[in-house]
Amino acid sequence: MTETRRGPIRAAVPLIAAAALAALAVLVTGCGADADRDGDGRPESAGRAALAADAGTGATPDKARIAENVKSALEVRISTGEGRFGSGTHSPCASSSPKMFTEECGEAADYTREAARFALDEIDGRSGFATLGTTARKLDKAAATYRDLGCAKNPAAADARKACLDPAAVVAQGFSDLRDGANLGLAGK
């Protein structure tokens with residue numbers, strides 16, 4: 001079997017595409033020292049920026065472009081959260097984690113809730129984001145419940161600890177679920 005030169009090039013295509021998407025996400029979300037800000041210290045929302053650009057030209061927003069902008073802006077938050085806190089079984093909120101009843105999980109819950117609320121703000125009033133909306137609302141509620149129950153303060157009572165398990169599990173899986181919801185938004189679901 002002879003190896004052709006096309007093999008290594010084809011193998012590099014996914015890496016090149018991923019790098020291009022990452023660069024596009026940085027450009028679209030305005031990450032940088034001089035990025036526009038919403039007044040809360042975070043880059044201006046890509047979805048709102050696209051709508052503002054369309055409003056200025058009188059053009060009708062393209063649903064696919066808006067979905068891509070929402071996904072890109074949300075992906076920046078998801079990736080940052082995963083890098084800081086982990087996700088799934090690597091999350092401090094995972095049921096197998098010794099950190100589930102600590103402030104580290106509480107901080108992960110707060111950040112995950114912020115990402116969920118960002119997603120809800122981005123899709124407010126827009127069709128085609130049913131899955132992302134449902135996921136973000138569930139995540140927002142779970143993170144709030146985790147905090148309301150005092151789970152980050154290492155409750156001693158068995159019933160209190162048991163009540164923390166479900167919301168912590170939802171938070172642990174939150175970044176992945178938000179990403180899946182955003183991907184389904186690209187398909188209008």
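Visitor: Where does H6 bend, and by how much?
Guide: In this predicted model, H6 bends at Gly174, by about 55 degrees.

Visitor: Which residues does H6 cover, and what is its span?
Guide: Helix H6 runs over residues 158-186, which is 29 residues. At 1.5 Å a residue it should span 42 Å, and the end C-alpha atoms are 43 Å apart, so the two agree.

Visitor: What comes after H6?
Guide: Gly188 follows, with a positive phi near 80 degrees.

Visitor: New topic. How many aromatic pairs are there in the whole structure?
Guide: A search finds two. One is Phe85 with Tyr111, a tilted pair at 5.9 Å centre to centre, with 50 degrees between the planes. Phe85 is in helix H3 and Tyr111 in helix H4, 26 residues apart.

Visitor: Why does Tyr111 count as buried?
Guide: Because its relative accessible area is 16%, and buried means under 20%.

Visitor: What kind of pair do Tyr111 and Phe175 form?
Guide: An edge-to-face pair, 6.1 Å centre to centre and 65 degrees between the planes. It links helix H4 to helix H6, with Tyr111 and Phe175 64 residues apart.

Visitor: Which ring does Arg77 lie over?
Guide: Arg77 lies over the face of Phe118, 3.7 Å from the ring centre. Arg161 lies over the face of Phe101, at 3.8 Å.

Key. Residues are numbered from 1 along each chain as its sequence is written. This is a predicted model: local features need pLDDT of at least 70, side-chain atom pairs count only at pLDDT 80 or more; totals for chains, interfaces and linings use all residues. Side-chain values use heavy atoms; hydrogens and water are left out. Helices (H or I, at least four residues) and strands (E, at least two) are DSSP runs, numbered from the N terminus. The expected span of a helix is 1.5 Å times one less than its number of residues. The bend at a residue is the angle between axes fitted to the seven residues ending there and the seven starting there. Rings of Phe, Tyr and Trp (its six-membered ring) pair if their centres lie within 6.5 Å; planes under 30 degrees apart count as stacked, over 60 as edge-to-face and the rest as tilted. Buried means under 20% relative accessible area, exposed over 50%, partly exposed in between (1.4 Å probe, protein chains only). A charge sits over a ring if NZ of Lys or CZ of Arg is within 6 Å of the ring centre and within 35 degrees of the ring normal.
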